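Please find below a note on the model under review. The points are numbered and may be read alongside the sequence and structure.

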There are 2 protein chains.
Amino acid sequence: MIIQHMDKFMRAAIDEALQGRKEGGIPIGSVLRRGEEIVSRGHNKRVQELDPIAHGEMDALRNAGRQRTYRDTVLYTTLMPCYMCAGTIVQFKIPKVVVGEAQTFGESQAFLESHGVEVEILNLPECVQMMQDFIRDEPTLWNEDIMEL
Amino acid sequence: MIIQHMDKFMRAAIDEALQGRKEGGIPIGSVLRRGEEIVSRGHNKRVQELDPIAHGEMDALRNAGRQRTYRDTVLYTTLMPCYMCAGTIVQFKIPKVVVGEAQTFGESQAFLESHGVEVEILNLPECVQMMQDFIRDEPTLWNEDIMEL
């Protein structure tokens with residue numbers, strides 16, 4: 001397994017995830033990138049806002065507001081997207097997603113790629129550790145978030 | 001084409017859509033049903049809340065808050081779900097979706113069915129008319145919502 005480098009966009013996504021955990025929530029963060037700019041950032045807010053659709057990716061896209069197009073953007077996320085977030089990436093025509101890790105979760109890669117989305121997986125140990133710690137500490141909350149209760 | 005009957009759940013979804021249009025928004029509404037109860041209702045709020053993820057189905061699911069399971073629910077929507085909403089239905093393990101119409105939009109049926117979701121399409125003239133009037137009056141807004149700008 002090749003561990004790739006982390007740029008400022010993935011760093012910001014991880015910081016979002018850590019912020020979410022600090023708030024008592026689920027540590028998954030996301031950043032929407034256009035060129036060298038961060039358009040928006042977000043993190044999972046299921047616990048904080050009692051909102052089951054507020055995954056990290058969805059929160060970042062909500063925080064970006066109305067955009068004319070996403071064809072010139074890249075979505076960063078600390079964890080492989082679930083089908084909700086993957087469907088959103090396809091619907092919004094976001095051409096590329098950069099993923100912190102896909103070990104602890106993620107079955108949407110084939111779906112994304114079959115719709116022409118480029119999926120880059122960085123295999124970052126920091127992302128894996130963050131999820132493993134969370135799942136160990138909060139297994140019920142994690143299973144609720146991925147609808148496995 | 002067989003036009004099927006409308007129950008109180010689809011009626012409530014259409015009322016949500018009409019309310020959304022009255023607010024200056026996109027007329028798509030949704031209801032989450034459990035047994036004979038309406039768990040939550042919602043409508044597209046892209047315009048009202050500047051929120052691109054607030055499709056009717058997503059708004060209804062947000063308004064339902066944290067649910068232990070969706071396996072005993074049915075999602076009603078006035079229009080065939082986009083990939084964001086279809087991915088959410090799959091991820092949330094909602095077993096059935098009842099759709100007002102699938103003429104003016106909708107490419108997610110095969111995806112839903114391939115993941116075991118039952119899709120019932122009612123072909124309601126009221127739903128078709130509502131969307132046709134909206135698309136005629138607001139073509140740019142509609143294209144923004146389905147990311148076809």
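1. A residue is called buried when its relative accessible area is under 20%, exposed when it is over 50%, and partly exposed in between, with a 1.4 Å probe and protein chains only. By this rule A17(A) is buried, because its relative accessible area is 0%. A17(A) lies in helix α1 (residues 8-22) of chain A; helices are DSSP runs (H or I) of at least four residues, numbered from the N terminus.

2. The model is predicted: local features need pLDDT of at least 70, side-chain atom pairs count only at pLDDT 80 or more, and totals for chains, interfaces and linings use all residues. Residues are numbered from 1 along each chain as its sequence is written, chains are lettered from A and ligands numbered from 1 in the order in which they are written, and side-chain values use heavy atoms, with hydrogens and water left out.

3. Which residues surround A17(A), leaving aside its neighbours within four places in sequence? The contacts (heavy atoms within 4.5 Å) are P27(A), I28(A), G29(A), H43(A), T78(A) and M130(A). For H43(A), 26 residues away along the chain, the C-alpha atom is 5.8 Å from that of A17(A).

4. Between the two chains, 33 residues of chain A are in contact with 33 residues of chain B. Together the chains bury about 3100 Å², 62% of it on carbon and sulfur atoms; this is the accessible area (1.4 Å probe) that two parts lose on being put together, summed over both. R66(A), Q91(A) and M147(A) supply 24% of the area that chain A buries against chain B, more than any other three residues.

5. Four salt bridges are counted between chain A and chain B, each a side-chain nitrogen of Lys or Arg within 4 Å of a carboxyl oxygen of Asp or Glu. K93(A) forms a salt bridge with E148(B), and their closest N and O atoms are 3.2 Å apart. On the side of chain A that touches chain B, the elements giving two or more residues are α2 (46-49), α3 (56-63), α4 (83-91) and α7 (139-145). Of these, α4(A) gives the most, with six residues.

6. The same surface serves both copies, as 100% of the contact residues of chain A recur in chain B.
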